[in-house]
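Have a look at the picture first, and then read on.

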Amino acid sequence: MITIEFVLFDCMETIVDMTQLPIRRDYAFWAYSGSGAEYLWNDFEEFFDEYRLAAESIDSKSPQYKEHSMTLRFKLMLDRRNTKEDRKKLLERIHQNYWKNYSGRCYVEDETAEILKYLSNRYKLGVVSNFMVEDGIEDLLNKTGITDYFQFVVTSVKNGWRKPHRNIYDEAVKKAGVGPQDICFVGDDYICDYEGPVKMGIRAFLYDRKVKYPGLSDRITHLTELKQFL
C-alpha cells in the first residue's frame, strides 16, 4: 500500500467509455453527417480528405505534442470553401453536430462511478486528459454524474500541450498543491499515463484492460484493484 494525497485520472477509456470506439473516419463523419453543411463538400470522402489534411497542416507547423482544438481544424476546412454564408455560424453548426454525436456515445460504468465515490471519500481526485474540445471533458463529467468527485480538470486543449509533454503534468501538480511524490496517476495509455507521469516523479498505475503489459508491476486490469494499492 502506498501513501498519497491526490489521485489523477485520464478520462477517455479510463473513467468515461464510449459505446463505439472511434477511428479517424468516425470523428469526421460525426462532424459532417447531420450538420446541415454537407452541401459545401461534394461528398463525405471529400470532407474526410480535408479533415485529415487540416490536421496534418496544423501539426506540421507545430512543435511535437502541441495541441490544437477541433474548432480550429473545422475553421481551416471552412476557409477552403467558397461560400458567402456566415462562416461563424457554419463553424458553430459543424462543431455542435460533432459534439452531439461524440458525447451521445459516452457513458460511465456503474462500477467506475462506485470506485470514484469510494476514492473521493479518501483522497482528492483530478482529471488530466488529452482532449480537443474546450470544456468537453467538463461537460462529459457533468452529463455522466461524476463531476462532483473531482477537484479539477486539466485538458490539453486549454493547457496547449498534450501528454506526454511535461507542461500538462506540471499544471496538474500545481493545481493539486502537493508534490509529485504525493500524487498517483491512473490511465490506459502507457506513454501518456504511465511513462510520462513516472518521469515527473509521480507514482502511476497503468489501466491495462487488454493485458498488453503483463510484466509491468504497477498495472491494474480493473479500477477496483486500486483499493488494494492505495
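Helices H4 and H6 are oblique to each other, a label for angles that are not under 35 degrees (roughly parallel), over 145 (roughly antiparallel) or 65 to 115 (roughly perpendicular). Before going further, note that this is a predicted model, where local features need pLDDT of at least 70, side-chain atom pairs count only at pLDDT 80 or more, and totals for chains, interfaces and linings use all residues. Residues are numbered from 1 along each chain as its sequence is written, and side-chain values use heavy atoms, with hydrogens and water left out.

Helices (H or I, at least four residues) and strands (E, at least two) are DSSP runs, numbered from the N terminus. Here are the two helix pairs, with axes fitted to C-alpha atoms over the stretch in contact and angles running from 0 to 180 degrees between N-to-C directions.

| Pair | Angle | Axes apart |
|---|---|---|
| H4 (residues 87-103) and H1 (residues 24-32) | about 125° | 7 Å |
| H4 and H6 (residues 136-143) | about 40° | 12 Å |

The crossing of H4 and H6 is right-handed, meaning that the near helix is turned clockwise from the far one by less than a right angle. On the H4 side, Trp99, Tyr102 and Ser103 make the contact, meeting Gly136, Asp139, Leu140 and Lys143 of H6 (contact means heavy atoms within 4.5 Å). Sorted by class, that's three nonpolar, two polar and two charged residues.

Now for the other pair. H1 and H4 also have a right-handed crossing. From H1 come Tyr27, Trp30, Ala31 and Tyr32, and from H4 come Ile94, Asn97, Tyr98, Asn101 and Tyr102. This contact has seven nonpolar residues, two polar ones and no charged ones. (Ala, Val, Leu, Ile, Met, Phe, Trp, Tyr, Cys and Pro count as nonpolar, Asp, Glu, Lys and Arg as charged, and the others, Gly among them, as polar.)

Within H1, Asp26, Ala28, Trp30, Ala31 and Tyr32 are buried, that is, under 20% relative accessible area with a 1.4 Å probe, protein chains only. Their cover includes strand S2 (17-18), helices H2 (44-60) and H3 (70-79), and H4. Just past H1, Gly34 has a positive phi of about 90°.

On to the strands. In S4 (residues 124-129), five of the six residues are buried. S4 runs parallel to S1 (residues 6-9), joined by four bridges, with Leu8 opposite Gly126. Four bridges also join S4 to S5 (residues 152-155), again parallel, and there Ser129 stands opposite Thr155. Strands pair if DSSP finds at least two bridges between them.

Conventions. Buried < 20%, exposed > 50% of the residue type's maximum accessible area, 1.4 Å probe, protein only.
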